[in-house]
Amino acid sequence: MPDSSYAARLGAVTAARGRLCVGIDPHPSMLDAWGLPHTAAGLESCARGMVEALGETVATFKPQSALFEEYGAAGIAVLESVLDDIRAAGALSILDVKRGDIGSTMAGYARAYLRDEAPLAADAITLSPYLGYDSLLPAIDLAIASGRGVYVLARTSNPEGDHVQLAVGDDGRVVAQQIVDAATETNRRVLAELPPEGATAPAIGPVGLVVGATRLDTGVDLDAFNGSILAPGIGAQGGKVTDLPAIFGASLGHVLPTTSRGVMAAGPGAEALRQAARTQVMSMV
Ligand SMILES: O=C(O)c1cc(=O)[nH]c(=O)n1[C@@H]1O[C@H](COP(=O)(O)O)[C@@H](O)[C@H]1O
């Protein structure tokens, strides 16, 4: 089990390395660009090459599970190696699996990714709340118990999400705001139960949110939110690091700006990848 909470480890690694989260999305088109075959061996060169080039400078990596799963057992084996590489490099892994299920089987997904002995154990995973925020509780509870984190989709980067996420509920709040408020409440409960540690106590809880960086007006109020915010959509989807202050305002300090193809497209050369990551970080200041 990790020796401290996800929030504490995230705080330490981002303080040392900055907040950029680099996605590992080995699309077939990315393998083509890197001159690699569409095989598990090509996948391995690409995905592990990303961590080899950036593992000691980037704080968090977000491998996208489907792009490994498409190679079957061999792809899953590569994903396990990538998660090990991230750990060995002193970075944190946010495995993008977007899981969401009824409670009883949600517990199975939780064991698959959030249990110490799990071959695919990550520091955090992404979750989809479409079956109801409370259906995610088995994963949230296991994450809390095992010093891990979760990121719940609230306001996604794609335009097709609007009709669900901006639908207005009985109490006048849009669905995305209900997710933000539910996550805030979970974090408040967890933080209230922590022993008083004074200045060393983490200021944020284990439940993060995904809020895309592709629009200036997210339609949700994040001011009271007390968790980490994953902000994908930078680069290939049109989001810009320079827009983050306008999008996130007072919550900016909790944001992990996230890009996958925006860095990967510079590969396969390690120095070119490092330069692409540096360029993203420099435009954040
Ligand atoms: O949960 C995610 O990571 C995610 C949520 C979202 O709203 N939008 C979004 O793009 N993502 C993921 O973030 C990554 C974006 O990749 P790029 O567009 O190449 O930077 C992909 O793995 C997406 O699945």
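This is a predicted model: local features need pLDDT of at least 70, side-chain atom pairs count only at pLDDT 80 or more; totals for chains, interfaces and linings use all residues.
In soluble globular proteins, nonpolar side chains tend to be buried together. Here the largest nonpolar core contains 83 residues, within which V150, V152, A154 and L209 have the most contacts. Helix α3, spanning residues 40-54, gives the most to this core, with 7 residues. When residues up to four places away in sequence are set aside, V152 touches L127, P129, L136, I179, A183, V207, L209 and V210.

Helix α1 (residues 6-17) consists of 12 residues and extends 16 Å from its first C-alpha to its last, close to the 16 Å expected at 1.5 Å a residue. Its buried residues are Y6, A7, R9 and L10, and because they cover an arc of only 160° around the axis, they lie on the same side of α1. The elements covering these buried residues of α1 include β3, β4 and β5 (149-155), whereas the face turned away from the buried side carries the exposed residues A15 and A16. Just after α1, G18 adopts a positive phi of about 90°.

Helix α6 can be described in a similar way. Its 12 residues should span 16 Å at 1.5 Å a residue, and the separation of 15 Å between its end C-alpha atoms agrees with this expectation. In α6, the buried residues are M106, A110, Y113 and L114; these cover an arc of only 80° around the axis and are therefore placed on the same side of α6. On the other side of α6, S104, T105 and G108 are exposed, while the cover over its buried residues includes β3, β4 and α7 (137-145).

The loop between α6 (103-114) and β4 (124-127) contains A122, which counts as buried because it has 26 C-beta neighbours inside 10 Å, where 20 or more are required. The C-alpha atoms of A122 and I86 are separated by 9.5 Å, although the two residues are 36 residues apart along the chain.

Conventions: Residues are numbered from 1 along each chain as its sequence is written. Helices (H or I, at least four residues) and strands (E, at least two) are DSSP runs, numbered from the N terminus. A residue is buried if 20 or more other C-beta atoms lie within 10 Å of its own, exposed if 12 or fewer, and partly exposed in between; C-beta atoms are placed from the backbone. A nonpolar core is a set of buried Ala, Val, Leu, Ile, Met, Phe, Trp, Tyr and Cys residues joined through C-beta atoms within 7 Å. Two residues are in contact if their C-beta atoms, placed from the backbone, lie within 7 Å. The expected span of a helix is 1.5 Å times one less than its number of residues. The arc is that of the directions from the helix axis to the C-beta atoms.
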